[in-house]
Amino acid sequence: MAGSILVTGGSGQLAQALARAGAGRVEVVGRPVFDFERPELLGQAIRERRPALVVNAAAYTAVDAAESAPEAAARANASGPGLVADTCRELGVKLVHVSTDYVFDGLKGAPYDEGDATNPTGVYGATKLAGERAVLAACPGAVVLRTSWVYAAAGKNFLLTMLGAARRMPRLRVVADQKGCPTNADDLAAATLAVADRLLAAAACSGGEQGLGGIYHATGRGETTWHGFALAIFEEAARHGWPAPPVDAIQTADWPTPARRPPDSRLDCTRLHADFGVRLPDWRQSLGPAVARACAASDSGAASPASATVASA
Ligand SMILES: NC(=O)c1ccc[n+]([C@@H]2O[C@H](COP(=O)([O-])OP(=O)(O)OC[C@H]3O[C@@H](n4cnc5c(N)ncnc54)[C@H](OP(=O)(O)O)[C@@H]3O)[C@@H](O)[C@H]2O)c1
């Protein structure tokens, strides 16, 4: 199908947001058809569909679980994306690969730009960094979009974790010394499609006549902490009759997790705007509609945020 976009990531937040935003020209593949545990299927899934562009939104995203499953995380985040990129190069299919702010250690003290040195603090970030390198080595014209703190009205994310916790607990504790940029999956999907359209209008995978390949940062504008994010969620949710428990600001040391997280992983998205004319909305503006949908889905029984587990990312 000319101009068609194949999105990996099945039921994932970004994959589903891309399916909504690109209805009619986006096809989403997920497991079992596209499974990083079965590398022989990866190329086949792309060859059979022959899209013009692939968005690789599939990943091992369980940051804490990755610490005790480094091989599975590496297959999904590093070697698997490398195989996807190999196939894209072979077929002349363009590629957008999604990566993370967790490639940084968070010690810079200012928003990171694409040229800053990486230094992941855990297995998830390390495997995602290896994936970026594998993708760009195999397919130098690919675009790697690093994003952060992704949430949607459905899926596994901090927004639903907080809404669920508010229904179960009279008082919450949330870390206030990790800074970052929340990103609405719908905003990220719109930005990804805008990037895809520019790539489709440009040259083939092996370089790009307009020099548009490489790494770009793509997050919601502004910044907050997990604690600030939680307060904003409850401010919005209260409009829909949701309980708004008090939220104590705690330190990372008070909430030990298997994976160490960067204390300040804000990303500078100037390059994305300069090269693609794409800028995501302010995170706070985008939060309200997602909270409204999550509350409505929960009230109608379509989602069950009350079953979410409490975590800081
Ligand atoms: N979530 C965040 O806060 C965040 C932050 C920074 C960057 N990112 C990056 O943004 C991208 C999209 O993330 P997201 O939030 O949409 O993640 P998500 O909701 O966790 O979805 C990821 C999807 O990947 C698929 N997947 C997982 N393991 C797989 C495997 N072994 N083989 C094939 N597919 C597998 C699963 O789809 P099925 O089970 O349906 O097949 C899953 O739904 C990822 O690259 C992620 O690293 C996310």
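Predicted model: local features only at pLDDT ≥ 70, side-chain atom pairs only at ≥ 80, totals over all residues.

Which strands and helices do the buried residues of helix 5 pack against?

Analyst: Start with helix 5, which spans residues 158-168. The buried residues of helix 5 pack against two kinds of element. The strands are strand 6 (150-151) and strand 7 (172-175). The helices are helix 7 (226-238) and helix 9 (283-299). Helix 5 is mostly covered, with nine of its eleven residues buried. Among them are F158, L159, L160 and T161. M162, L163, G164, A165 and A166 are buried too.

Now turn to strand 4. Strand 4 is also mostly covered: seven of its seven residues are buried. K94, V96, V98 and T100 point one way. L95, H97 and S99 point the other way.

Strand 4 pairs with strand 3 (residues 53-56) in the parallel sense, over four bridges. There, V55 stands opposite V96 of strand 4.

From strand 4 the chain crosses through helix 4 (residues 123-138) to strand 5. This β-α-β crossover is right-handed.

Of the 28 residues around the ligand, G10, S11, G12, G30 and A59 come nearest. Helix 1 (13-21) and strand 4 (94-100) are the elements that give two or more residues to this shell. The largest share, three residues, comes from helix 1. The shell divides into twelve nonpolar, eleven polar and five charged residues.

Methods:
Residues numbered from 1 in each chain as written. Near = placed C-beta within 6 Å. Nonpolar A, V, L, I, M, F, W, Y, C, P; charged D, E, K, R; others polar. Buried ≥ 20, exposed ≤ 12 C-beta atoms within 10 Å, placed from the backbone. Contact = placed C-beta atoms within 7 Å. Pairing = 2+ DSSP bridges. Right-handed = clockwise from strand over helix to strand, strands pointing away.
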